[in-house]
Amino acid sequence: MERLRVLALNSTYDESFIRQVEMESGQQISRCYQCGNCGASCNYTCVYDYPVNQIMRLIQLGQKEVVLSSRAIWLCAACTACTTRCPCNIEVTKIMETLRVMSLEEGTVSLKDVELFYKEFLRSLKNFGRVFEAGLLPLVNLRIGRPFNDMELAPLVFKGRKIHLFPSFIKGRKEISAIFDRFESWRRKKEDLS
Amino acid sequence: MRIGVFVCQCGTNIASTVDTERVAQEVKKLPDVVYTTTYMYTCSEPGQQEIQRAIEEHNLQGVVVAACSPRMHEPTFRRAVEKAGLNRYMFEMANIREHVSWVSNDREANTKKAIELVRMAVAKLRFNQPLFPSRVAINKRVMVIGGGVAGIQAALDCADAGLDVVLVERRTSIGGKMAQLDKTFPTIDCSSCILGPKMVDVAQKENITLHAYSEIESVSGYVGNFAVRVRKKATYVDWKACTGCGVCMEKCPSRKVPDEFNEGLSFTRAINIPFPQAIPKKATINRSYCIYFTKGKCGICAKVCPAKAIRYDMTDEVVTEEVGAIIVATGYDLFDPSAYGEYGAGQYRDVITGIQYERILSASGPFGGHIKRPSDGREPKDVVFIACVGSRDASVGRPYCSGVCCMYIAKQAILTKDHIPNSRSYVFYMDIRSPAKNYDEFVRRAQEEYGVQYIRGRVGKIYPRGDRLVVQGMDTLLGIQVEVEADLVVLATGIEASRGARELAEKLHISYDQYGFFMENHPKLRPVETNTAGIYLAGVCQGPKDIPASVAQGSAAAAKVLALFARDTIETSPQVASVTERACIACGKCIEVCPYGAIRWKELKGGVRKAEVITTVCQGCGLCNATCPPKAIQLQHATDNQILAEIEELCA
């Protein structure tokens, strides 16, 4: 990531971005007083480009572009440590989720691999009713061009019965699939309208 | 009746959203209203003179001022009309600021509502009667509740002025939280060295009666004449005989009693004197640990006591103290940090609170003034302080700043370096709040002279590594997660309202805020007065503050009491209930509901009973009026007729 040099606050401030984040996440951004507890609690601060509290700060400053193209929002594991510890009762996890969706919609996803994983994950869910890891993981590995990614873990997870060789066909698969179809048609309608 | 109406513009406060001219013109049309005008600031000196001039010129018999809330200026205007020769109760106020102009920007609706409110005030005024206060004698004794530094200061100031003072303290010694502190910021004065002489003064003043180990049972009466029932809890030691020699404490076989004064860091005995400088220096038996009380046999203290002062059969005693004023100085308690699971307070022994660290630093503390870790007694090398534990944190219900932690952390970090020169201190903080004389310089000294490492950010979690603790936090200035391996972690626990504060407030009929701090009458202009006349506040019971501010409030409250007692009698409000004997059916419902005990039976000729109001006790709450089936009991200045007239005018 390129480091910001000087931030021209009035020309880059995007008020509508703040309102949209607030509306879609249901959180009030101005409540954050920058104590840094989210960043202190986060397990991935070490790999983020901006620690969580800085993401919050950037939203407060209306920095849509910087936030939506950041790596941090895609590296977030949604573990909710930030939300648990926030003294201001802000559901930071929800905000991160909102930012991922917005980033997808804006087409500013910084980590294409992660985007691909999310998409394949949902596809697997739609097809089998629950995620079929043994199929999902090699597929993602192939598509990101690293076929042996994390392969050394395979014996461990099979032995520990963490994942299974064959998909489990659960009851109500069709209904789950229908949820995705309904969402798709709703989205298309929404796009047509706009 | 000839009525004058004065519509105040309050600069632009009212005039910007209310058409005051139209209000004046509209109400001019009402019957009885002979004069109306608007004025920029009616409460100002010329504004008041304008009212007085109009009363004289137009021969007014009643006045309505449409302005702000009566809370602030009703007394002002009552005095003004009284100077012009009217009775002060021939005056009514319509609140068109807090209830109208500040609420909405809709000028049309505001103006309409303002007209309605003034019409109601005029309708009520037509039924107003001149009322006259009565006078009662003031009992010039004062009670101070709470023997911390604020209460001590208030008691001493009152006693110095020659008043009889009754000081009530919940614990077995006065001194409060300040007695537990090692040093005080920003001067590093020894806390017990500056407080000790004041405590001794309390004991030596002939005109201070001290009830230690006592709590307030109930309060009745009113300004000038309160009666307070005080429960003196059983100490099982005759304090008149006890010399405080401490032999009982030495010989007591029950040795595993958590020492409250040392914040649980050491043990004391079942019979104990809390600390060497205690006032009164008398022993008390802790029943739940005493072997005589728990197992039925022991009695060693009774055998060894040279003064024969032990009384196992002692019971609580309730005494009634009659006083003319009460100063409440009940102090505070500290936040229980176990709410922060991630900090491990109570789980890791080397994670302690600020007040525990004070005891560790103190020469009379559990380790004789040597800094040691509670877990293994080792001297710490790296000490981490965490600010805002239970302060500025909405998630634990404490969104307010405790106001003292920034300063006591700086002090403790400095003292740590003084005790252990090769130690390193780290402070995790959000903001440094040091806005008083020499405070910021003190914090700078901690950083510049003592090399205390200040890290801007909160701490996420604490976990053990070997026999040390890893503090994982954030340096928000760098945007990098940091960790510090510490031997000792001090949580700067914040201030919260004292246990039992709400119950006491209800006994005293004073208000408290959502956190349990007692409410002052006005946050700026009446900071030590409560809403109940004759009851004053001092110290942290009113809100977080440090020692200088608490002492200043103690003196301020004493000054208020002295001003009250400068007169021999006091005017009582005539806005009280009164009984129309013809209509009274002697059902006694009013006597049952009166919260002040202000109504009693009166025997007429032939054994007929009627209710009678003790006007000096009545607070004018109106409960009796609302309860009385034939409406025989009426509240003066708020009679049914007056209220109905207002409603009728509104509905007309």
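Which residues of the largest nonpolar core touch the most other members? I looked this up in a predicted model. The core holds 74 residues, and B:V142, B:V237, B:I271, B:I285 and B:I327 touch the most other members.

**Core, continued.** I listed elements that each supply at least two residues of this core; among them are strand 6 (141-145), helix 7 (191-204), strand 18 (325-328) and helix 15 (547-565) of chain B. Helix 6 of chain B gives the largest share, eight residues.

**B:I327.** I took the contacts of B:I327, leaving aside neighbours within four places in sequence. The list includes B:V142, B:M143, B:V144 and B:I145. B:A154 and B:C158 are also on it, as are B:Y536, B:A538, B:A557, B:A558 and B:V561.

**Open sheet.** Next I traced a sheet of five strands in chain B. The order is 20-27-21-22-23, and the pairing is parallel. Strand 20 (351-353) and strand 23 (453-456) of chain B are at the edges. Each has a single partner strand, so one side of each lacks a neighbour in the sheet. On average, neighbouring strands are turned by 25 degrees against each other, direction ignored. I checked the pairing of strand 20 with strand 27 (residues 488-493) of chain B and found three bridges. B:V351 stands opposite B:V489 in strand 27 of chain B. Helix 11 (residues 354-361) of chain B packs on the sheet and touches strand 20, strand 21 (382-389) and strand 27 of chain B. Its direction makes about 90 degrees with that of strand 20 of chain B.

**Backbone, cis bonds.** I found a cis peptide bond from B:F185 to B:P186, with omega near -5 degrees. B:P186 sits in the loop between strand 8 (183-184) and strand 9 (189-190) of chain B. Another cis bond joins B:I279 and B:P280, with omega about -5 degrees. B:P280 is in the loop between strand 15 (271-272) and strand 16 (284-285) of chain B.

**Backbone, positive phi.** B:I188 is not a glycine, yet its phi is near 55 degrees. I placed B:I188 in the loop between strand 8 and strand 9 of chain B. B:I188 is partly exposed, at 22% relative accessible area. B:K308, also not a glycine, has a positive phi of about 55 degrees. B:K308 is exposed, at 53%.

**B:K240.** Is B:K240 buried or exposed? Its relative accessibility is 82%, so B:K240 counts as exposed. B:K240 and B:K282 are 42 residues apart in sequence but 9.1 Å apart in space, C-alpha to C-alpha.

Conventions: Residues are numbered from 1 along each chain as its sequence is written. Chains are lettered from A and ligands numbered from 1 in the order in which they are written. This is a predicted model: local features need pLDDT of at least 70, side-chain atom pairs count only at pLDDT 80 or more; totals for chains, interfaces and linings use all residues. Side-chain values use heavy atoms; hydrogens and water are left out. Buried means under 20% relative accessible area, exposed over 50%, partly exposed in between (1.4 Å probe, protein chains only). A nonpolar core is a set of buried Ala, Val, Leu, Ile, Met, Phe, Trp, Tyr and Cys residues joined through side-chain atoms within 4.5 Å. Helices (H or I, at least four residues) and strands (E, at least two) are DSSP runs, numbered from the N terminus. Contact means heavy atoms within 4.5 Å. Two strands pair if DSSP finds at least two bridges between them. Axes are lines fitted to C-alpha atoms, for helices over the stretch in contact, and angles run from 0 to 180 degrees between N-to-C directions.
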